[in-house]
Amino acid sequence: MEPIKTTRKGPILQVTLDRPKANAIDLVTSRAMGEVFAGFRDDPALRVAILTGAGEKFFCLGWDLKAAADGDAVDGDYGVGGFGGLQELRGLNKPVIAAVNGIACGGGLELALSADLILAANHATFALPEIRSGTVADAASVKLPKRIPYHIAMELLLTGRWFDAEEAHRWGLVNEVLPAEALMPRAWALAELLASGPPLVYAAIKEIVRDAEDAKFQDAMNRITQRQLETVDRLYSSEDQLEGARAFAEKRDPVWKGR
């Protein structure tokens, strides 16, 4: 069975991790996910991706420890984009929505953290239990203290304890908590809203956020105003930039062409 299922509807791509029974990721699956997300990045007709897991119990259990026990190296070849195809995928300037439909632990939670927006079913649970298996949640150790209060992030990393969707929402880790049956309809509605928006602006937003993460404010602003970022330079010279102004002046909805 193919571990990755894709559904394409117009400019939206749904990527479903389908690897029974827990949607854990081994090296082969990670490389396949990287190919899918690199294809999404490079396809000008695609604007938004939704990532979810098959079934109702597991979003992703993270790194496949059984595969590791059989020889998959923890520092092996994860493929383009790193673990799960998203964590280190360069130039991904399109919105990605994670629809967490169940357990998201270890690398599964790190995979969700690689998305731009996170929706969670109300039965979803989360944890970073790597400490119990003698390893480190590396991506989460980098990202989590920047996303939620430091002491909460450290508690989750140092104890590996489980927390539910409501707590994740309380700390700002997820955008919305929904009944299970409403999760995917809401993900698609959100994806359709984003797909109707200006793709060049989204690309500029994502590059600015990445570039400015460790920069001083004025340095970041200088790079933007001097058009040193590729996506910003493209936006400021685009038809869409003019279309936005014209549509506002003419009191009509803009028609985005992505050029």
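# Salt bridges, a pocket and backbone details

Asp116 is partly exposed, with a relative accessible area of 37%. The structure is a predicted model. Asp116 pairs through its side chain with Lys206 in a salt bridge, at 2.9 Å from N to O. Asp116 sits in the loop between α3 (107-113) and β7 (117-121) and Lys206 in helix α8, so the bridge ties together parts that are 90 residues apart in sequence.

**Salt bridges**

- Side chains of opposite charge can pair when their charged atoms come close.
- The whole structure contains 17 salt bridges.
- Glu250 and Arg252 form another salt bridge, in which the closest N and O atoms are 2.6 Å apart.
- Arg252 is partly exposed, at a relative accessible area of 32%.
- A network of salt bridges links Arg19, Asp26 and Asp64.

**Second largest pocket**

- Rolling a probe the size of a water molecule over the atoms shows where empty space is left.
- The second largest pocket holds about 570 Å³ of space.
- Its lining consists of 21 residues. Asn93, Leu200, Ala203, Thr231 and Arg234 are the lining residues nearest the centre of the pocket.
- Three helices, α1 (27-42), α8 (199-212) and α10 (230-236), each contribute at least two residues to the lining.
- Helix α8 gives the most to this lining, with six residues.
- By residue class, the lining comprises 10 charged, seven nonpolar and four polar residues.

- Phe58 is part of strand β4, which covers residues 58-60.
- With a relative accessible area of 14%, Phe58 is buried, because the cut-off for buried is under 20%.
- Apart from neighbours within four places in sequence, Phe58 contacts Lys21, Ala22 and Asn23, together with Gly53, Asn101, Gly102 and Ile103.
- The C-alpha atom of Phe58 is 8.3 Å from that of Ala124, although the two residues are 66 residues apart along the chain.

**Cysteines**

- A disulfide is a covalent bond between the sulfur atoms of two cysteines.
- The structure has zero disulfides.
- For Cys60, the closest cysteine sulfur is that of Cys105, at 7.7 Å, which is too far for a bond.
- Cys60 is buried, with a relative accessible area of 0%. Cys105 also counts as buried, at 5% relative accessibility.

**Backbone details**

- Most residues other than glycine have a negative phi, and most peptide bonds are trans.
- The peptide bond from Pro20 to Lys21 is cis, with omega near 5 degrees.
- Lys21 is located in the loop between β2 (12-17) and α1, and Lys21 is one of the residues that Phe58 contacts.
- Asn23 is located in the loop between β2 and α1 as well, and is another contact of Phe58.
- Asn23 is not a glycine, yet its phi is positive, at about 55 degrees.
- Asn23 is buried, with a relative accessible area of 3%.
- Arg227 likewise has a positive phi, near 55 degrees, in a residue other than glycine.
- Arg227 lies in the loop between α9 (217-225) and α10, and counts as partly exposed at 33% relative accessibility.

Key
Residues are numbered from 1 along each chain as its sequence is written. This is a predicted model: local features need pLDDT of at least 70, side-chain atom pairs count only at pLDDT 80 or more; totals for chains, interfaces and linings use all residues. Side-chain values use heavy atoms; hydrogens and water are left out. On a 1 Å grid over the protein atoms alone, a cavity is a set of points where a 1.4 Å probe fits but cannot get out, and a pocket is an open set with protein on both sides within 12 Å along at least five of seven lines; lining residues have an atom within 4 Å of a point. Grid points are joined across faces, edges and corners, and a volume is the space filled by probe spheres set on the points. Helices (H or I, at least four residues) and strands (E, at least two) are DSSP runs, numbered from the N terminus. Ala, Val, Leu, Ile, Met, Phe, Trp, Tyr, Cys and Pro count as nonpolar, Asp, Glu, Lys and Arg as charged, and the others, Gly among them, as polar. A salt bridge is a side-chain nitrogen of Lys or Arg within 4 Å of a carboxyl oxygen of Asp or Glu. Buried means under 20% relative accessible area, exposed over 50%, partly exposed in between (1.4 Å probe, protein chains only). Contact means heavy atoms within 4.5 Å. A disulfide is a pair of cysteine sulfur atoms within 2.5 Å.
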